[in-house]
Amino acid sequence: MVQKGTTICAPATSGGGAIALIRVSGPKAIETLSGIFKPADIHVDILNAKGYTLVFGSIYSHDEFIDEVLVSIFRSPLSYTGEDMAEISCHASSFIQQRIIEILLEQGAETASPGEFTQRAFMNGKMDLSQAEAVADIIASDSEAAHRLAATQLRGGFSGEIEKLRQELLSFASLIELELDFSEEDVMFADRFAMTETIIKIKTLVDSLASSFRLGNAIKKGIPVVIAGRPNVGKSSLLNVLLQEERAIVSEIPGTTRDTVEEVMHLGGLLFRFIDTAGLREGEVKDEVEIKGIERTRLKVENADVVLAVTEATDTAAGIAEFANSISGLTGSSGAKIILVINKSDLVSQKQAGALKKELSTLCSSPAVFVSAKKSSGIEELKEQLIASIETGSLNSPQYIVTNVRHYEALKNVSSSLQRALEGFRDGIPTVLIATDVRQAIYYLGLITGRITPDDILGEIFSKFCIGK
Ligand SMILES: Nc1nc2c(ncn2[C@@H]2O[C@H](COP(=O)(O)OP(=O)(O)OP(=O)(O)O)[C@@H](O)[C@H]2O)c(=O)[nH]1
Ligand SMILES: [Mg+2]
């Protein structure tokens, strides 16, 4: 690989710890290093050192000793960026790190801008755009599931899927383009019916990828679980017992919680975002703050992935079912899961609870869990229900889960371009216009992996057909 451009440097580790890492990358990486580094073994010549060599020595600024360090040498193209690279492991003093950066700059290196090492890796073909984005995600991942999604994307699972779709569309576009080339001769190369089938197949896949974004995004940011119920049923008590922390104020006065209270928690390798809300009061509410609180509760329920519909064990089965219905009316078609939480089970006998559960099973399709926030009973079962309510099945093939909003937007654009192409076929629109829609879909797919090459379509034609014209 021909190396062009500048040589950059930056600290790669954040504060704390005993050792810090400083990265240098670019055509003059090793040369720059040699100006400030003296190997402990005077026979070692780092200018001629092979890639993957580890050298112990000291950093000097002219004659001033700075630190004892270990230097790793990488040679293009076998490095993270694809360029020549050196990584200096020094002691983690912020003074030492700052001095080393300063003297690297004196030697002619430049400070790297955020993400520049990864950007160079992308430019040098070490990874595609979606993999580069996964680098940021894997650094930020703070649950097992988020890590799993980022790791798959980093290893190219998602890009592979997108690339496969793009290749299919390219072959498809080349057929249409071919038809355009021969349009005066009035040839039809492909059968319209088969073409429509292909587009429908690709669009279905694109749509299912796009719809996985809800789960993907929730896993990255925490799955929103809204705790909703009438005033005083024990919503805030439930939040506190789940978190094992006195997070929200609890009192016997109905209408205690006015605003929403949010807190995240790990359960079963997933990150959940619990949202305690203002009680949903029936009938006319006059208090302005309470009205605003209830409005906010409704919004949260509408955007939830899971709703814990909290009621009391002293309520009637009909009352509980009615409340569950009103919650499912709020979640609408969002696909949110509802778990009925029957709180204050300490106030009824086991027999009464059993009878209520039986009656509820005929009235309500949502699973019901009996708990007592006060006695902290039933909480484990509730946690199990929560984990079970998230369709983690799709996590077994994480290349099909979209976590990145840029990819989601691109997929939606692919889908609408394909929709237009389909309508075009149906309405007998001229092929040239349909070709434009298909090309647009290819363009948007290419945006995801960063492979937008307009010559691709031509390349496809010439590689598959011998036109001889
Ligand atoms: N016996 C019993 N009392 C409970 C239980 N959970 C909560 N309570 C009591 O019920 C009352 C209301 O509890 P909160 O947690 O403030 O109820 P809330 O649903 O958040 O109420 P608002 O915010 O006012 O809508 C308090 O007096 C709690 O001590 C329970 O499991 N058993
Ligand atoms: Mg409350």
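**Salt bridges and strands in a predicted model**

Helix α2 (residues 94-106) holds both E102 and R99, which sit three residues apart, about one turn of the helix. The model is predicted.

User: How far apart are the closest N and O atoms of E102 and R99?

Analyst: Side chains of opposite charge can pair when their charged atoms come close. The cut-off for a salt bridge is 4 Å, from a side-chain nitrogen of Lys or Arg to a carboxyl oxygen of Asp or Glu. E102 and R99 form such a bridge, and their closest N and O atoms lie apart by 2.9 Å.

User: In which helix do E116 and R120 lie?

Analyst: Their side chains meet in a salt bridge of 3.3 Å, N to O. Both residues are buried. They are four residues apart, about one helical turn, in residues 116-123, which form helix α3.

User: What is the relative accessibility of R166?

Analyst: R166 forms a salt bridge with E163, at 3.2 Å between the closest N and O atoms. The two are three residues apart in helix α6 (residues 157-181), so about one helical turn separates them. E163 is buried, with a relative accessible area of 16%. R166 counts as buried too, because its relative accessibility is 2%.

User: How many salt bridges does the structure hold?

Analyst: One of them joins E116 to R120. Another joins R166 to E163. The total for the structure is 23.

User: Which residue in the turn between β4 and β5 has a positive phi?

Analyst: β4 and β5 form a hairpin. Two residues lie between the strands. The one with a positive phi, about 55 degrees, is H62.

User: Which residue in β4 stands opposite P39?

Analyst: Strand β3 (residues 37-39) and strand β4 (residues 53-61) run antiparallel, joined by three bridges. Opposite P39 stands G57.

Technical notes:
Residues numbered from 1 in each chain as written. Chains lettered and ligands numbered in written order. Predicted model: local features only at pLDDT ≥ 70, side-chain atom pairs only at ≥ 80, totals over all residues. Heavy atoms only, no water. Pairing = 2+ DSSP bridges. Buried < 20%, exposed > 50% of the residue type's maximum accessible area, 1.4 Å probe, protein only.
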